Structure formats: structure tokens, C-alpha cells
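Grab a pencil and work through these exercises with the model open beside you. Try each task before you read its solution.

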Amino acid sequence: MVFRGLLAILGTLFIAFTSTTTLNAVQQCGKLNETQLSNGKLIAELNEHPWIARIEFTDSLGDRQYLCLGALIAPRHVVTAAHCLSYDDTKLSAVVLGDWDSSNNITEQDCSAQGLCAPLPQRIEHQTVAIHPEYTAHKIDNDIAVIELARNVEISDYVQPICLATAEEVSAALHVSGFLRPKSQRTMQRIKMPFKKLPTEECQKKVRHNTIAASNICGISDFHPMSGAALIEAHGEPRRFQLVGIAAAGFNSEPSLHLHTNIRLHLDWIQQNSKM
């Protein structure tokens, strides 16, 4: 009887430990500061949106270029746009996390105007790449890929994963998180900006010569984000950021109009290819 009682106690403790561990794992994603969320600034703070990844490519001369972005969803996995991994003249070489200022070298610390400095960015080589098997460039459909890193990132206030969107559609304010396209020259620091979602039909009317797949999230924002930038929303209790979309395309004829791959339609595929 004493032995059975001891087993019951140990079982209860194990369940409590497992539940707490799972809860803590969930709570470590999508860090949200309500003051930062509502301050209306274009430039994010040093520790704001710590899941943004810069995707590094190397050309035939060995020069490094940062052509796309991604979003860290787990300590070893980054979601990005499939078209980013389809360049003919460059090859994927690494992913950089914790970088706030794209105008300087990743071997330098990023510091705010107030003198606050972040740790050096983490550059991690990639191990494998999974591109959605139904990705089509001409239709901008299923434009999504998962990069597995060679090792886990070091989690800190400046590098943390974002939560994946739940299957439930949420009526909430959307924001684009990442960096602007270099040609915009608005700022070289990490940004955030509101995103107004539009019906697919309305978007199609604006860009008649391009086919917009219904699986994309279409909308407008003030500036051009880089491919792979994160479309995010605040949700839950306590509120946390969820990854809703990945920037897939923009249009020269409609500079404020952008397409984002709908993460909710690919949750199972993402989880299968990130071992979550």
C-alpha cells in the first residue's frame, strides 16, 4: 500500500512537471510588450520582435548578401518564403538572429540612440531546407519554406521564437515585422508597421496582370517590407504575438500592396518539417 501510494505521488508530480514544462515552452514564444505595441513608432526597439531572422546568401565570389528575412518559430527552425531559396546566382549559407541594424557589420553590436546595446547577432549555418512541394512562382502560391539550423539559437531577450498562429481566425490588428527593402532607404533598422487586410477580389482588381491566389493574405502598408518579413497579430491571454503570414510579393504598380503566405493554411506542413 505504501509503495502504491508512493507511485501515485510520483505520478502526480510527473504530470505537474510535464504540464509546467509544456506551459513554459509555450510562454517562451511571441514576447509582447504592450507599451511597445502601442507606441506607434516605425522603428522597433532593440529587444522588440526578437524572432526576426536575416537570411544570408553567398555569391560565386564568396560575398555575403542578405536578400530575405524569416521568422524563428523554434530554437532550430526558421520559416521564410520559398522564392527566397530559388535564386540562381546565390546559395543559402546561414541565418542571422538578433540583428537590429542592417547598415553595419554583424560582428558589431547594435546600440540605440539612448546608448542601450544588444549582444552581438548570432550567425548560424543552415543544415536542411524544406520547400513546400506545391510552391508555384507564377501564381505566388504556397510560397513557404522551413530552414533547419545547424544548431539551436541561444535564447535571450534579443533572440526568441514567435508563436505560430492558431487554426482559429482572429479579428485583430495586423502588423508587418522585419526590415524594409533596401531601395526604400526609409530606415535600416528593424521596423514594424500596421497592415490593412483587403479581400482577395479587391486586390485582384488593383493588379489585373498578376494572378493572386486565394491562399494569400493581401493588404496594404506604408512601405515595402523585404521578402520573408513576418505578418503578426497579438492574441491570447496573456497576449502574445502569433505568426500569421510571410511576405511573398509586392507590386510596382501598387507600391503599398503586398501579399503574404497564409500561415494558418500550412500549420501541419510547418510542424511536420520543424519536428514541433
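**Exercise 1.** Find how many cavities of 30 Å³ or more the structure holds, and list what lines the largest cavity.

Step 1: The count is 1 cavity of 30 Å³ or more. On a 1 Å grid over the protein atoms alone, a cavity is a set of points where a 1.4 Å probe fits but cannot get out, while a pocket is an open set with protein on both sides within 12 Å along at least five of seven lines.

Step 2: The largest cavity has about 40 Å³ of space, a volume being the space filled by probe spheres set on the grid points.

Step 3: Its lining, meaning residues with an atom within 4 Å of a point, is Arg-181, Pro-225, Met-226, Ser-227, Ala-247, Ala-248, Ala-249, Gly-250 and His-258. Strand 12 (residues 240-250) gives the largest share, 4 residues; strands here are DSSP runs of E with at least two residues, and helices are runs of H or I with at least four.

Step 4: Sort the lining by class and you get 5 nonpolar, 3 polar and 1 charged.

A quick word on the source: this is a predicted model, where local features need pLDDT of at least 70, side-chain atom pairs count only at pLDDT 80 or more, and totals for chains, interfaces and linings use all residues. Residues are numbered from 1 along each chain as its sequence is written, and side-chain values use heavy atoms, with hydrogens and water left out.

**Exercise 2.** Is His-235 buried, partly exposed or exposed?

Step 1: Locate His-235 in strand 11 (residues 230-235).

Step 2: Check the cut-offs: buried is under 20% relative accessible area, exposed is over 50%, and partly exposed is in between (1.4 Å probe, protein chains only).

Step 3: His-235 has 22% relative accessibility, so it counts as partly exposed.

Step 4: Now look for Ala-172: it sits 63 residues away along the chain, yet the two C-alpha atoms are separated by 7.7 Å.

Definitions and conventions: Ala, Val, Leu, Ile, Met, Phe, Trp, Tyr, Cys and Pro count as nonpolar, Asp, Glu, Lys and Arg as charged, and the others, Gly among them, as polar.
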